Structures are given as structure tokens and as C-alpha cells.
Amino acid sequence: MGCGASTAAPQGAAVMPVLDIKSIAQFIALDALIRNGELPRRGFTEGFEHPVTGQPNANLGKRYDEFDPKKTAYVFVSHRWARPGQGSRGHPDDDDKSKYKLILEGLKRLSATAASPIPEGFQIAVWLDFCCIDQDGAPSSELEQLGALISLCDLVLVPVIDRSHREWSWPAAGWSNFFEEYKAAGWAEYWSRAWCRVEAMLAAVKPVVDHAERATLFHGAMGNAIAAGRRPLVLFGTKEQEGRLPPIFLPPLANSTFDTYKPSKGSLTKETDRGLIETLEADARKDVVPIEVGYVGETKDGKAHGRGKCQFANGNVYEGQF
């Protein structure tokens with residue numbers, strides 16, 4: 001959501017699944033997104049022209065259940081809007097359509113070959129707030145069911161516009177903490193936002209619908225994540241785009257991540273959204289599986305020695321010789 005879409009829910013409103021999310025969730029086929037040439041705005045005000053970009057509304061979405069689930073990868077785009085604004089003035093992209101290009105290129109690299117995470121030839125159905133929620137009405141019914149919506153998705157893509165990407169480098173020794181070592185300002189901004197945090201949290205803990213069956217459709221880290229009941233969080237920034245680098249599959253986000261980046265403590269464009277953020281955070285925490293930090297295995301003199309497994313608070317696991 002990343003910020004710009006507004007809600008009509010009163011502060012502290014409870015999550016009420018009043019409608020079947022499969023019958024109301026709108027996704028855009030990647031082919032339609034490509035043909036449109038920019039991120040389309042969903043809305044129904046006749047004659048609308050965006051006050052910043054001048055673009056009209058373009059309702060290109062189809063319902064979730066209009067796609068063939070056995071031949072479709074459902075992708076949720078979680079992002080910080082490039083031009084936040086109240087009401088209709090907000091826009092998720094910049095003048096160069098940087099985010100639009102990142103999304104298309106990231107999805108292309110995820111589905112380029114038969115061995116790609118998304119097999120070549122699969123249809124890709126994209127959910128992005130600006131394109132799939134009525135921006136003229138922003139009905140709270142779909143936002144209240146954000147957890148259920150994310151449960152329908154196989155992968156969450158985070159596009160990061162990074163105009164200063166040449167000023168920093170990937171760590172030579174490999175990643176140990178993405179939150180601190182991925183130096184894009186847009187990445188830090190993403191994690192400062194309440195909507196982005198709650199989307200990442202829901203993505204990490206909400207089970208994928210029919211995950212055992214869907215896991216067989218995809219490859220590598222994506223298939224493994226779905227088999228475990230979650231969908232992967234994938235980062236694709238300007239550095240990866242221009243450096244011809246693959247999208248980054250982030251490690252599973254652990255409990256400690258959402259204590260450090262608590263959604264309800266994040267920044268909001270509309271402070272009136274905080275009640276709904278708190279409700280969604282509470283909904284996500286019901287699905288959090290506590291991590292049992294510590295060591296299990298062979299010991300010597302009361303200390304880890306030999307073959308064993310150690311679970312760390314950040315979710316990392318080492319299994320091998322101690």
C-alpha cells in the first residue's frame with residue numbers, strides 16, 4: 001500500500017470478512033500491464049484526469065477467479081509510493097516510470113526460462129493498490145481483508161527506486177542483515193512505513209491458499225517457500241536492474257523483525273489509517289509461529305560440540321559441525 005491509498009474504516013475497526021475475497025480482488029494480467037505503458041489507475045469518476053500526471057482512469061483488472069490458478073502466478077506488489085499525496089494527488093511512480101519499469105523487469109527475470117521460479121509460459125497476475133483498488137472510493141472492505149488477499153498470492157515483490165545505487169555496494173562477504181546492508185534510501189523508506197511493514201508481516205505469516213498443491217507449480221526458493229506455507233518476499237531495485245543482477249529472495253522474516261519494525265509504530269500519510277493498521281497487525285500476529293532460539297545437538301563439557309543445529313533470534317539457522 002505503501003502509502004497513498006486511503007481507507008474509510010473508522011479507527012479501531014475490526015476485520016470483518018463480509019465478502020469472498022476471491023470474488024472482489026482485482027488482479028491485472030502482466031500482458032495488459034505491458035500494453036498499458038504505465039501503472040494504470042483504478043477508479044470510476046467519469047472524465048477523471050490525474051492532477052499531477054494527467055492520466056485517465058484505466059480499469060484493467062480481472063477477478064482472481066477469472067484466472068486459471070494452475071497456470072497463473074499471483075504477485076502482490078508491496079511498495080512506497082514515489083509521490084505520496086492526499087486524495088487523488090498521490091501517485092506511486094515518478095516521471096520516468098521507474099517503478100513500472102522495475103516491476104516489469106523484475107517479473108521478466110523471475111519467469112525468463114523453464115527453470116525460473118515462475119516457469120516460462122505462466123501467466124502472471126499482478127496486484128498493486130493504485131491499479132486494483134478503486135482510488136475514487138477506496139472501499140475499506142478490501143483493505144480490511146488484506147491478510148486474506150495476501151493469502152491468495154504466491155509471491156510479494158518489493159520494487160525499490162534507487163537513484164544513488166552507484167554510491168554503495170553489495171557486501172563482499174555476503175548478506176548478514178539486509179535491513180542494514182542494503183543501502184538504498186528507498187529501502188529504508190519502505191521499512192519506515194506502517195502499510196509496508198504490515199504487508200511484509202502478512203506476507204511472512206499468512207499461509208498460502210492450497211500451498212501444498214501450489215508449491216508443485218513453482219521452482220527453487222519460490223516453490224520451497226510456498227511448500228512451507230508462506231510466500232517469498234522478493235526485492236528488486238535499480239541496482240539489480242542496471243547491474244543485470246537477479247531479484248533478491250529475502251530470508252524468512254522472523255518474529256524479531258516485526259518487533260523491530262512494528263507496523264503500528266510506522267509512519268502514515270493518513271493518521272486515521274492507524275486503527276486499521278493495528279487491527280491488521282493483530283490479525284498477522286495470530287499466525288506468527290514463535291521461534292525457539294537456541295541449540296539442539298551434540299555437546300561436550302556442557303557446550304555445543306559436534307553435530308547440531310542452532311536457531312537465532314533473527315530467523316537464521318545454522319546446522320552442521322560445532
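1. Is E105 buried, partly exposed or exposed? E105 is partly exposed, because its relative accessible area is 23%. Here buried means under 20% relative accessible area, exposed means over 50%, and partly exposed lies in between (1.4 Å probe, protein chains only). R109 is likewise partly exposed, with a relative accessible area of 22%.

2. A word on the basis. This is a predicted model, in which local features need pLDDT of at least 70, side-chain atom pairs count only at pLDDT 80 or more, and totals for chains, interfaces and linings use all residues. Residues are numbered from 1 along each chain as its sequence is written, and side-chain values use heavy atoms, with hydrogens and water left out.

3. E105 and R109 form a salt bridge, with 2.8 Å between the closest N and O atoms. A salt bridge is a side-chain nitrogen of Lys or Arg within 4 Å of a carboxyl oxygen of Asp or Glu. Both residues sit in helix α3 (residues 98–110), four residues apart, about one turn of the helix. Helices (H or I, at least four residues) and strands (E, at least two) are DSSP runs, numbered from the N terminus. The whole structure holds 13 salt bridges.

4. R166 and E242 also meet in a salt bridge, at 3.0 Å from N to O. R166 lies in the loop between β5 (155–160) and α7 (178–181), and E242 in helix α12 (residues 238–242), so the pair ties together parts that are 76 residues apart in sequence. R166 is exposed, with a relative accessible area of 68%. E242 is partly exposed, at 46%.

5. Next, D283 and K206. Their side chains form a salt bridge (3.3 Å, N to O). D283 belongs to helix α14 (residues 274–285), while K206 is in the loop between α9 (194–205) and α10 (211–215), so this pair ties together parts that are 77 residues apart in sequence. D283 and K206 are both buried. Salt bridges that share partners join K206, D283 and K286 into one network.

6. Now the rings. The whole structure has 19 aromatic pairs. Rings of Phe, Tyr and Trp (its six-membered ring) pair if their centres lie within 6.5 Å; planes under 30 degrees apart count as stacked, over 60 as edge-to-face and the rest as tilted. F27 and Y64 form a tilted pair, 6.1 Å centre to centre, with 55° between the planes. F27 lies in strand β1 (residues 26–29) and Y64 in the loop between β2 (62–63) and β3 (72–77), so the pair ties together parts that are 37 residues apart in sequence. Both F27 and Y64 are buried.

7. F76 and W127 are stacked, because their ring centres are 4.7 Å apart and their planes are at 10°. F76 is in strand β3 and W127 in strand β4 (residues 123–127), so parts that are 51 residues apart in sequence are tied together. F76 is buried, with a relative accessible area of 0%. W127 is buried too, at 0%.

8. Which residues form one aromatic cluster? They are W168, W170, W175, F178, F179, Y182, W187, Y190, W191 and Y261.

9. Last, charges over rings. R41 lies over the face of F48, 3.9 Å from the ring centre. The charged end of K62 sits over the ring of F67, at 4.5 Å from its centre. A charge counts as over a ring if NZ of Lys or CZ of Arg is within 6 Å of the ring centre and within 35 degrees of the ring normal.
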